[in-house]
Structure formats: structure tokens, C-alpha cells
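Morning, everyone. Let me put the structure up, and then we'll walk through a few spots.

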Amino acid sequence: MPRFQMPLNRWLGLLAALFLISAGTPPLRADTPAERRPHGHEQPAMMQQPAAHEEKDKAPHGEEGEKGHKEEAAPPAVREGEQKRDAHGEDGHAKESRGLEHLHFPVPPPYRKVQPPDSLWTDPQVLARGEKTYTQFCAVCHGVKGDGRTPAAAALALPPADLTQSREIAEMPPDFWFWRVSEGNTPGPYKAFNSAMPPWKSILGEEDRWAVIAYMHLFSGHRGPHTLRQHPGATQAENHGSMLYNMACTWCHGKAGKGDGPAAFFVGAYSAPRPRDFTRGEFKFRSTPSGEPPTDDDLYRTITRGIPGYMPSFATISDLERWMLTLYIKRFMPAPGPEAVQPIKVLAPLAMTEESVKKGLLLYQQAECWTCHGFLGEGDGPSAATLKDADGLPITAAKLSRPSTFKNGRLPEDIYRTLMTGLSGTPMPSYADAFEGQQEDVWHLVNYVRWLSTE
Amino acid sequence: MPKYQTQGNPLRRCGATLVMLFLAVAAVGWFTTPAMAIPAWARKHNLQCSTCHTRPPRLNRFGEQFHEMNFMIPNTSEEKRPERQQLGPVSLEQQLGNHLAFRVLGNLAQGFEFKGRSGRSEISFPNELEIFIAANPTDDIAVFVELENELKELEFNAGEFELEQHFGLGHEAFLMINLAKPLRRLGLPTMVHGAEAGGMVHSSILGHGPMLMIGLVDPSTNFSFPTARQVMTSLPADVENEELLRLPITPYAFGGKFFGLYKANENDPLLATTPTLYNTAGALGADFHGRLFGNLLLYQFGVMNGANERSSDANEKKDYYAGLRLDLGESNFARFNISGFAYWGNDTARAPRASDPSRPGRLIDWRRYGLGANLTWRWLDLYGAYVWDKINDEDLPVLLRPHFDNTASGLTLEADFLLSNKWLASLRYDSLDGGGLMESSGATGVPGGLRANGAMLGAQARYYMRQNVSLYLRYQYNLEQDEESPLTSWVHGAMLGIDLDF
């Protein structure tokens, strides 16, 4: 080894310089709203560059498209597929691409789960109608070839979506398309992105909107919706979600989402809760009826808030990345059933009046909440010591006197949700059946629980 | 097992007291309503201790990740936390308690039996009182300072050993800086901590860092068996009438292992069981670490003034070290990692004088190599380290060389078993193949004694009244007993202690 003679003060000076560089370096995090949020058709510049594997994915899709449409009027994407994609691969955003590829906000009501007739996607008349509409209204930004490479697009803060991206188009279900075309840039997240996408619902009728959606699918070499299974390989969004998960979540939830990470056992060695096993599909914190899987919003909410005492909050990472995590976690869950998961309806809250609290007290007694939570909500009811979760682990009843420890949230609507959905896998049942037709009483009970708080 | 003496056996004398004390304090803990206060990190993030610890002070894998990544929950931002107050370019928690923690650690009572002399027992106040100051002024910078008041620090004054109270910087006091951003700004391929920049990928290599720790650092902090995170805590030396009766009881793998050496910048002896070199729990230097290939590989390298040099740069040469750690199989409630390190100490200690070994002589170069491993599966936490040391023969006085064993090694193996949420059982085996001045040198009066081998077995039960408050009852048995050396002079000992973190 060399006999190094540099004195410590020089070492310190060198390191201080590094420190100053560090302190003076502007944050690299995505600071613009466009970079922080999931997007719709528009893609932030940093999201445009396709990954290498996506380039590889394209050949079979192009072939598939050609076979599928050889008897029909060939759409632009099919006719010039490979040539156009090569050109896209050379775009100027390569250096900015950082893996925040594609992700969608959940479709809100009333657009959620709306479906066009199956014949829409292949009806030549519909497609022709859609082409006409597209040429008239959409091509100016999205381009005649659907690749979003137009002079008008160059001036937009948020570039228009490249409709030729097969895998990304596959990720967007029909209701998402319809929502985005109908509402354009008016919904919250897209407004924040400075999206230039107009809301078309006042200009185009419903049929015209569906027709143009059907036509736009042709740019990706498909007719109508296609599935991610037709596009093997992960998107960069999934890769990014995977990275986030492996950095922060895998220690408790395990690499395969089974809740068996290396730190998991020590969180719940001899008593509940153990970290969630996503593969079971059983979730405590839901807005859906007992036994149902959670909505995306439920997962997102838990990631954002954390669980007091047990899971850190990830509220300080970007919305986009929380959604990426949400979608990544969903990959571990059992395949959803054919029916859409619907959250319970929450009535408008009742004011916390003395009368309401008194009614809540009666309900608290009638529903025998006290057997676990105790008369004063200290979690010391007569059954509290014997409670066990679905795994047979001892579990404590929530201390209603300390709302800050409520795992499912302390807000009135959180308490309402907990009462109505229960906490699957725990002794806390759903009271949806008990309060059927008298949901107003639930708010009385919520008000009583709030009254028990000593915080 | 040795037979108890009917008279003068401190274990028998204080045994009943120990048991009663233990039961009394356990009862207090059992019936005490758990307090809200928890140490700073847990307080700040509203998490239980077991989120990061198997049981304090051992870290579980999530806790290690938290530690590696600037004391931050992975992927998150400290600057964006709403509970923070902006102070110019930095921000701090509004609650002071989120920056402070307090630890009381040590024996409340202990008794030791010695070979060929009467035993010693005492009821005492815990040896260590520590205050931790921790903050993340920005996402890229963390500050960690440990202030320590040690009641029984071994001092060597005018040829005599004394146990004295010491207050000052503790085992660690450093800045941790995430260098990813400045290095990336210089065009170097780095991986940014967290994911907000989406920059954790570079050429398909995932990871994070590099992180720089500068100040008083523990180089072993990311090793499979970190020196400072002992469930069976180190015990101070035993001194009577300025004579060293018993060496400190520490994991032998970490110790100096050589008998007759002196610290580089002082005339103090460097005892064979004092953690040193890579295992120094606080020496002035700079440590770089980071991850590559996701979480598979941890790399580490650093430079130090020299082992045991906390505030000076006396030897004018630097020590260097490098280490790698491989983490495998992180699922099915299990983890396994294996670590290796090499430490090149230059002029890092002083050899004894050939003419008078009771006084320090010339500076020596000292090399240390180690292997460590850790397997955690469900209730079980197994870890150990084997450390091999070699002193450059050429640095030793010619006349001393025939009488000085310039190699030594130590092995420490520990198993912790979580019996319930409140009980943790531990078993530790230590073996020391000592080096240094041999009897053939004819030396006498060498502080710390002449070369000896040692082995000991320890068993401990820790009772966690809360996750941050525990009592331990420990028994330590010396497998190598010889009254000639302070390493082997004791037969066995028992102790009751407390580890309290707020």
C-alpha cells in the first residue's frame, strides 16, 4: 500500500467541496407536474423514448397487425409500421427517458366501465367515420400517422400521445379512452399537466367519440382493445414500479408479494399484524364490500398514508410513483373477476351533535362493539384478550380513544368505511348488512367513536 | 463447570439479589402502561422499533436499508415531510424529539468469580448514558452525533490502570452525504437515492449511492456483524488497586488480539479485546458505501486517520479498508448475507520496545482480514465473524521478533432466538488465538499481559418490556482459565442489565 501523506485537513477540504457540490446541485426529482403525475394520452417528454425491449416487441405486433387487417383498408400504422417505428426510436428524447413510461389514473364515474358494442372495433363504417373525425380534429396534434409528430405538437408543453405504441395502447381500456376523449384536459391531473387535449364531449357526440377511438386503435396495429399478454415484456413503468418496490417494500412484503420478506417476521413475530400477503387477495383497508378486492384508490391510499406503527408513509414520493407502486402491487394479486369492483356508497356525513353521539352510544352497545373495544374505547373489552386474526395470530382491538393509531385512517369517512367494509382477515366484521337501509345510523356510530377520542 | 466456593463466591452472594431485582423490574415493566415515547427515528416515522430491528439494537433488513440510504425510508423525501420547518436551505423537524434519542445501557448488578482470588460483585448504575442527535437537513445529507457518558472507561495513567468517567463523543458522529447527485453532475454514472429522479437505473445496473460518511465512523456498520450492534453488550474491564484483573469482555473477533501493543498516538496499551481497526466503533475517517445490482452487492471502502484515533492525526499515515457484502435469498422470512473486508493499517499502533516491553516503541503496520455472515430465518438470527490479523514483521524490533507472535485470529458466533414478542434468548461463543509478546521474551509488567488464547461462552435472556426497553440476565463462562492473564483470569460471571432507548 502506498504511504499516503495527505494530511487530514486536505481530506476534509476535498470532502467539503463534494459536500458543497451536493448542496448546490438542484434536485433531480421530477419537479414539474407533468413529470409527477400519471398521464393520459399525452406523454411527458421524458416518457417518450421506448425501451430497447419495446423495440423488440414491435416486430411481432406489426406482423400481427398486417395479418389481421390484410382484407381491410390498411390503417396507416399497419401500412408503414416498421418504418415509422424506426423513426420514433431515433427521437430526440432518448437521453431524458428515465423509465416513467405509462400509467393511468383510475377512470372515475360515470365513465368507469362504460363499454361500446363489440362490433365497434371492426365495423368499416364506424372506422371510416372515425377516420374522418380524426383527420378533422385530432391529426393536427397526433399526426396523420398517429405518432404525435406534428408542428403543432412541438409547441405543446405536454406532447401528445404516440398512438402507435402498441403496448401502451393495450394498457388503456375502452372506458379510459372514452373518459380522456370526452373530458380532455379538464380533469384534475391532466389540467395540472398543462395538457392541451380539448374536451370533445361538447363537440362530438357519443357515437363519434367511440368511432374515433376505434380508428385510433388502428395506429397500434390492432383492432380494438388488446391485452398486455399480446405484448410480452414489461413496460418501463412496470420496471420502475419494480425498482420502487424492491427498494422499499420487498423487505416486508417479499419479492413475490407474499408478505414473507426478510424483515416481515419481526414485525409480527408472535402477533398480528404481519405484512400483507398480496397473493391472497385479502386486504384489510378497502372501500369495497367485505370479501371484495380493494380498488386501486384503496391501495394508493394505503401506500400514501402508511399504517401507523407498522408501515411508513410514502406520501413524499411523487403521485406518479405511488401509482406505479399501486399497479406493480396489483400484479401480485389474483386475477380480478369479470365484475368491476365497486366501492361502497358513502352518505353525506352527519354533524357530531350531542343527539347523534347519544344515538351512536346506543348503537355501540347494540352492535356489541364494547366486547372488543371496551366501554370507553380502550381496547379492553372482555373478548379483547382472545382475539385472533385469520392466521391465528393474537390481535389487539383498536383503542378507539386513540384515533391516531387507527390503521385504516382516523378521518370520519375512514371510520365509516371501516365499519361498513370491515377489516378482512381480522375479527372486525363488516356492519353493512346490519345497517342496511339505515346507513344514517352508521354516521351516529362514527360520531360516537370520534367522541371517544382522548387525543 | 467450576465448583462454587463456599465462601467468597460472588455469584452465590449476589445471585438472590440479581433474581429479585430482575423479577421486580420485570414486574414493573409488565404492569406499566406502555409509554408513547420511542426513539427518534421511530418517533419521527410513527413506526414500531421492530420495523427496523429484529430487536434493538440489531437491525433487520429494512433497518439496514434505512441506514444505508441516509437514514431515510427508501424512495421517500425528508424535505417534503409536512412536519418540517424550513430554515434557509435546509429544513428540520418541528418536534425536537424527532431529532433526539436517549439510551441507557449497562449492568445494574454483576458478579465475577476469578481464578485463584476472591470474587467481586457490585450493584451499579448502567455504564453508558448516550444522547443521539440525528437529522436530515436535506434529502442528501444526514447528521448523526452520539454523545456518551461512560462511567467506567479504562484509563492508563502513569503505569496504572484506572476506571474513570468519560464524557464526549461516542461511538459515532458523522455526516452522511449522498454523492449520487454531485457525481452525476460531473457526468459520472451514479444511482440516485430514492426514485424521484427515476435515476436508479444506469446501464441496467440498479442500486444506490455512493454514500459518504465522514467523521467518527464505525467501518463495520454495514458488515454482517456490526461491531456496535451487540445484543450481548460489551462489558468494561475490571480493575482493582490499579491492577487489571480482567480484560473487557467483547466479541473476540473484533478485538486487538495482540498482547503488548500500544496505541499509536498515546502511551496507552491497546488491549487484546478492545475493538480496533475495521471494528473500531468510532474512528476519524471517511467511509464510502453503496449498492450495485439492485440490493445484491454492497461495496464499501474508506480511509481513516488510524484505528483508535478519535481526534488527532498523530501517525501522519492513513489506514485504508475495503469490503464487499453479498445479500441473498431475501424471501420466505429469511435473509442471508456474507461479507468480507480487508483493512490496511499503516503506523496504526506501536510495538513494545525490545529493551523494555512495558513501554511503547516504534510504529507498526497492521493488516486485518475478516469474513462475516448472517442468516435470519423467522425467529432465528445467526451471525458470526472470523477475523485474522497480521503485523508486519519488519516493523518489529529485530530483538523482539523471536518473542513476538505477529499473527492472531478471533472467532465470534452468536445466535439470537426470539422466544416470544418479549423474550429474546442469545448464545455467543468467542475464541481468540492471541498474538503478541510471548513468555519467552521474559517481559514482565506488560500492560494487558502476555500472549494468551481465550475462549468463552455466553448466554443471555433479554426481556423486552417494550420494544425499546429491555432487561437482560446474562451468564458468561470462561472456557480458558488461567490466572496469569487478564484474558483468562476469570472463571465466570453473571449480570443483570438494562438497555433503554427513548
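First, a term: strands here are DSSP runs of E, at least two residues long, numbered from the N terminus. Keep in mind that this is a predicted model.

Start with chain B. There is a nonpolar surface patch of about 700 Å². Its members include B:Leu326, B:Phe336, B:Ile338 and B:Trp377. Which strands supply at least two residues each? Strand 17 (319-328), strand 18 (334-352) and strand 19 (360-377) of chain B. B:Phe293 also belongs to the patch. That residue sits in the loop between strand 15 (283-292) and strand 16 (297-304). B:Phe293 is partly exposed, because its relative accessible area is 48% and that class runs between 20% and 50%.

Now the backbone of chain B. B:Asn70 is not a glycine, yet its phi is positive, about 70°. B:Phe71 has a positive phi too, near 55°. B:Asn70 lies in the loop between helix 3 (61-68) and strand 3 (84-87), and B:Phe71 is in the loop between helix 3 and strand 3. Buried or exposed? B:Asn70 is buried, at 0% relative accessibility. B:Phe71 is buried, at 4%.

Next, cis peptide bonds. One runs from B:Pro56 to B:Pro57, with omega near 5°. In chain A, the bond from A:Ala272 to A:Pro273 is cis, with omega near 0°.

Last, helix 20 of chain A, residues 439-451. Its 13 residues should span 18 Å at 1.5 Å a residue, and the end C-alpha atoms are 19 Å apart, so the two agree. Buried residues there include A:Trp443, A:His444 and A:Tyr448. Their cover includes helix 17 (354-366) and helix 19 (412-421) of chain A.

Notes
Residues are numbered from 1 along each chain as its sequence is written. Chains are lettered from A and ligands numbered from 1 in the order in which they are written. This is a predicted model: local features need pLDDT of at least 70, side-chain atom pairs count only at pLDDT 80 or more; totals for chains, interfaces and linings use all residues. Side-chain values use heavy atoms; hydrogens and water are left out. Patches are made of residues with over 30% relative accessible area and no salt bridge: like charges are joined within 9 Å, nonpolar side chains (Val, Leu, Ile, Met, Phe, Trp, Tyr) within 5 Å. Accessible areas come from the Shrake-Rupley method with a 1.4 Å probe; for residues, only the protein chains shown count as cover. A salt bridge is a side-chain nitrogen of Lys or Arg within 4 Å of a carboxyl oxygen of Asp or Glu. Helices (H or I, at least four residues) and strands (E, at least two) are DSSP runs, numbered from the N terminus. Buried means under 20% relative accessible area, exposed over 50%, partly exposed in between (1.4 Å probe, protein chains only). The expected span of a helix is 1.5 Å times one less than its number of residues. Contact means heavy atoms within 4.5 Å.
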